[in-house]
Amino acid sequence: MNTIYIISVFFKDKPKLDYEFIDEGEAKKNLSIWTNLSKNMDIQIKFSIKKQPKDDTKKIEKLKKDYEKVCNQYMKLFCEKQDIGFDGFVNDDIGGIALCSDFFFNFQDIVCDVNAKIPKGVIIEWYDAQLENPEKAINYYSYTKELRHKDIK
């Protein structure tokens, strides 16, 4: 729960304006300003405090947009590097499993491939090796560190 400080300003013949603050000092400073103004103007001031959950909707929406943008930038770099197409995320789950041409890649493996500057084609080699050896799964990171299916007993 967060504390919200509300200054309500009532103008003659106009609707009420509410100013909300999360910082008590800022609220008191504005209350002082409005109180001084009310001495010379036909307005009334009401100050109130209420506890309410902070609404992070706008912040969350911005984070979602930023995340989607970053995911798409990674996909662009990855697909350009591998010379393959990006057909979207499975079930529109951005940052989940990506369909690239005829390959399905976990987004974490794509990020690993881009960040570690792994040479072109290694992820395709790993993908094919995984299909040929389903009983001996190797994660992509381990594959990039030279672990191979023949090494697993």
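A compact globule of 153 residues would have a radius of gyration near 15 Å, yet the protein chain comes to 28 Å (taken over C-alpha atoms, with the globule rule being 2.2 Å times the number of residues to the power 0.38). This is a predicted model: local features need pLDDT of at least 70, side-chain atom pairs count only at pLDDT 80 or more, and totals for chains, interfaces and linings use all residues. Residues are numbered from 1 along each chain as its sequence is written, and side-chain values use heavy atoms, leaving out hydrogens and water.

Here are some values for the whole chain.

| Property | Value |
|---|---|
| C-alpha trace span along the principal axes | about 85 × 30 × 25 Å |
| Share of the 153 residues that is buried | 30% |

Buried means under 20% relative accessible area (1.4 Å probe, protein chains only), and areas come from the Shrake-Rupley method with a 1.4 Å probe.

The chain has 5 helices and 6 strands, which are DSSP runs numbered from the N terminus (helices H or I, at least four residues; strands E, at least two). Their order along the sequence is β-β-α-β-α-β-β-β-α-α-α.

Now to helix 2. Its 26 residues (57-82) should span 38 Å at 1.5 Å a residue, and the end C-alpha atoms are 37 Å apart, which agrees; the expected span is 1.5 Å times one less than the number of residues. Cys71, Met75, Phe78, Cys79 and Gln82 are buried in this helix. Their cover includes strand 5 (97-100) and helix 4 (122-132). Just after helix 2, Asp83 takes a positive phi of about 60°.

Key: Buried < 20%, exposed > 50% of the residue type's maximum accessible area, 1.4 Å probe, protein only. Contact = heavy atoms within 4.5 Å.
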